[in-house]
Amino acid sequence: MHQKENVNYLNVEYGIKSWLFTKDHKRIGVMYLIAVTLFFIVGALAALGVRLELLTPEGDLMSSDAYNRFFTMHGVIMIFLFLIPSIPAVLGNFVLPIMIGARDLAFPRINLLSWYIFIFSGIIGIIGILKGGIDTGWTFYTPYSSIYSHTPVVLVAFAAFLVGFSSILTGLNFIATVHTMRAPGLSWFRLPLFVWAMYATSLVIMLGTPVVAITLVLLILDRAVGLGIFNPTLGGDPVLFQHLFWFYSHPAVYIMILPAMGVVSEVVSAFSRKKVFGYKFIVYSSMAIAVIGFLVWGHHMYTSGQSALSGIVFSILTVLVGVPTAVKILNWTVTLYRGSVSFEAPMLYALGFMGLFIIGGLTGLFLAALGTDVHLHDTYFVVAHFHYTMVGGAIMGFLAGLHYWWPKITGRMYPEFLGKFGAIVVFVGFHLTFLPQFVAGYLGMPRRYHYYVPEFQFYNILSTAGATILGAGMILVIGYLVWSARYGEKAVSNPWRAVGLEWETASPPHPHNFEEVPRVEWDAYDYEYKYKKEGVSFA
Amino acid sequence: MHREGIYGLHEQFEDLAQQKESSLIGMWAFVAQEVLFFGGAFFTYAVYRFMYPEAFSYGSSLLDVRFGAFNTVVLLLSSFTVAMAVRAAQLNDKKQLVGFLLATLFFASTFMGIKYIEYSSKYEHHLIPGINFDGSHLDFDNPEKVELFMSIYFALTGLHGLHVLVGILILLWLIPVSIKGRFTSSYYFPVEIFGLYWHFVDIVWIFLFPLLYLIGVS
């Protein structure tokens, strides 16, 4: 090996300063990856506390007060500091500009600023934990949060407010970049579906996040200054807070799931060596989810005293949002049909996503229906449902994408055997954790309680055992990924023989992504074109 | 940042035209999110006004229409001067550009000054919720509903004032750069983008003024 190593974004300069002041979207993506992983670990520790406490029906590990703080911190950290930034800020940041053949995002300094805002709000959140944590639930419902809670609500609400701006800046960057910086020949309908998913996500971020921002500002003004906007003693309406909160926080679940769907489109196509079936339908379904997703927030308030008519309207709209989701699942399944499918770790996660998301989505319909929701509202059925979509969906998608692009990010392969093994452990652990919660919830176990009736203990033991397996699986995954970043086998530029601009450049890429601006002469996922050009027959 | 000697061109762009297009889309997207941000607050206003119309119109009569009207004129003039500043930059007219930006800064500061006088008088009359609100001297049966109106008044005008303040900070950056002669007919879009932001801040006030000051009973 006498060949001099090529210049890439990792070795172009060294030292901590070269990272902290970088404007390179790839380095910022890696910095986001490190940050969200750390927050994930903190959030997982909070979940561990909750699951251990729920092993027994009595409160023998912690007080009710401590339990409230544990599940709140789990929710706040996982949603605001892990799930929302995970795919857009890590994978989107890294691959989106490369996928469209750009040198960088449109606003690199704003991109770096978004990372600092993220870290700063994360630190404020951690200070909130060190000051005892908050006990309002991640939903900050008033008037409990604005008047009665004795915990540092202002601090944590401010962190959640601030972190919203880091995702707004990321979304703004993506929108401007996709509009103006596509490579010559790369028309809108040649864009990879991941880029479309990022675009749809950015729209939701731009139009949803500011509403929760103003809501949290009003909450903070109520609590810190003493204004009375949500204070019932002045005639303020706490249900108004719920409306405003869910106007963002329901679309927020699409901020978490749309990117994962984008990853699955990439991975399913790459490991079937086949064009995605119904490309345009997947594009339109992403946009449809982004639009309809804004019209369903009221399904969180069937029991909060909204009128029967709005309940019915929100119920119908909620069922409607299932349609574009089903379109995607159908298209991925048809993509598999007669493809040359192989089962590397990213594909296992993508298939896991499909299986889990079907369960998560269908149980969502139970909750969308007015009658059943009154029975299931605030039970473990809801907890299981959103963990199937958020963990089974968003985290599976994140892990699929992380493994898929790992060779591009680090220039090293992860160990394939451990990768597959880890995917199976995570899959099994996940099911064991959350499947019993459907049953417990259906039978009436309420969420957010410290004590429960002894008849539910069986399900909770299963669930905690599953969480242990899930945790072990995650430790394994984090372990071998960190190991492989240094010691893994060197990756070639296109280890999966996939189609896409990100695979045309070196692994890891040049600081400017491409030596020269690429021209795009093929449609997305045009495997026939690619293999014909290389003289390979796959028929 | 000075690739091929073109001032202001950032390295990720091919040329200034692409950079301008990106920046404009970026600012429009930012304005869109601002609309939703203030939208949440306006929605809150609408709900409570619908619930407590009398308290709102009584609360409105506690505000001084003259201050509000004067500030409306001030902001409209500032929108005019910022539009003229963009035009001056496009025409390479440095003197006019600096002049119009200074005028905008003057109007923005005047607005904040008036706001300060208004807030002080509310303080003297014990009308600031959470700080010194005292409804006992009010000629209204449910003073707590008036307190709710004042809460919304301070939240909305406070957030708007914060946006004016941010505009002043941006102006304090734009003016020295203009004096150095950096903005030319090929690189004027930072002024144009600031103009977009400033017009937005102005429009928010155009809505706030009637909703807060003009619904009172005379």
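How many helices and strands does the secondary structure of chain B come to? The count for chain B is 6 helices and 0 strands, where helices (H or I, at least four residues) and strands (E, at least two) are DSSP runs numbered from the N terminus. Read from the N terminus, the elements of chain B go α-α-α-α-α-α.

Before going on, some ground rules. This is a predicted model, so local features need pLDDT of at least 70 and side-chain atom pairs count only at pLDDT 80 or more, while totals for chains, interfaces and linings use all residues. Residues are numbered from 1 along each chain as its sequence is written, chains are lettered from A and ligands numbered from 1 in the order in which they are written, and side-chain values use heavy atoms, with hydrogens and water left out.

Taken along the principal axes, the C-alpha atoms of chain B fill a box of roughly 70 × 30 × 25 Å. Of its 218 residues, 52% count as buried, with buried meaning under 20% relative accessible area, exposed over 50% and partly exposed in between (1.4 Å probe, protein chains only).

Two packed helices are described by the angle between their axes and the distance between the axes. Here the axes are lines fitted to C-alpha atoms, for helices over the stretch in contact, and angles run from 0 to 180 degrees between N-to-C directions. In chain B, the axes of helix H4 (residues 94–124) and helix H5 (residues 143–179) come within 9 Å and cross at roughly 155°. H4(B) and H5(B) are therefore roughly antiparallel; the cut-offs are under 35 degrees for roughly parallel, over 145 for roughly antiparallel, 65 to 115 for roughly perpendicular, and oblique for the rest. Their crossing is left-handed, a label used if the near helix is turned anticlockwise from the far one by less than a right angle (clockwise would be right-handed).

Over in chain A, H9(A) and H10(A) pack at an angle of about 155° with their axes 9 Å apart. That makes H9(A) roughly antiparallel to H10(A), and the crossing of H9(A) and H10(A) is left-handed.

**Rings in contact**

Over all chains, the structure holds 59 aromatic pairs. Rings of Phe, Tyr and Trp (its six-membered ring) pair if their centres lie within 6.5 Å; planes under 30 degrees apart count as stacked, over 60 as edge-to-face and the rest as tilted. Trp297(A) and Phe314(A) have ring centres 4.9 Å apart and planes at 65°, so this pair is edge-to-face. The pair links distant parts of the chain, 17 residues apart: Trp297(A) is in the loop between helix H9 (279–292) and helix H10 (308–336) of chain A, and Phe314(A) is in H10 of chain A. Phe314(A) is buried, at 9% relative accessible area.

What about the pair Trp483(A) and Tyr487(A): which class does it fall in? With centres 6.1 Å apart and planes at 35°, it is tilted. Both residues are in helix H15 (residues 457–487) of chain A, 4 residues apart, so about one helical turn separates them. Trp483(A) is partly exposed at 45%, and Tyr487(A) is exposed at 54%.

There is also a cluster linked by ring pairs, including Phe194(A), Tyr404(A), Trp405(A) and Trp503(A).

A charge sits over a ring if NZ of Lys or CZ of Arg is within 6 Å of the ring centre and within 35 degrees of the ring normal.

| Charged residue | Ring | Distance to ring centre |
|---|---|---|
| Arg27(A) | Trp19(A) | 4.3 Å |
| Lys280(A) | Phe189(A) | 4.4 Å |

**Helix H4 of chain A**

Helix H4 (residues 108–130) of chain A has 23 residues and should span 33 Å, and its end C-alpha atoms are 33 Å apart, which agrees. The expected span is 1.5 Å times one less than the number of residues. H4(A) is followed by Gly132(A), whose phi is positive, near 115°.

Ile110(A) is found in H4 of chain A and is partly exposed, at 28%. Ile110(A) and Thr170(A) are 60 residues apart in sequence, yet 8.0 Å apart in space, C-alpha to C-alpha.

The peptide bond from Thr142(A) to Pro143(A) is cis, with omega near -5°; Pro143(A) is in the loop between H4 and helix H5 (144–148) of chain A. Another cis bond joins Ser507(A) and Pro508(A), with omega about -15°.

Asp378(A) has a positive phi near 60° without being a glycine, and is partly exposed at 39%. Arg497(A), also not a glycine, has a positive phi of about 55° and is partly exposed at 35%.
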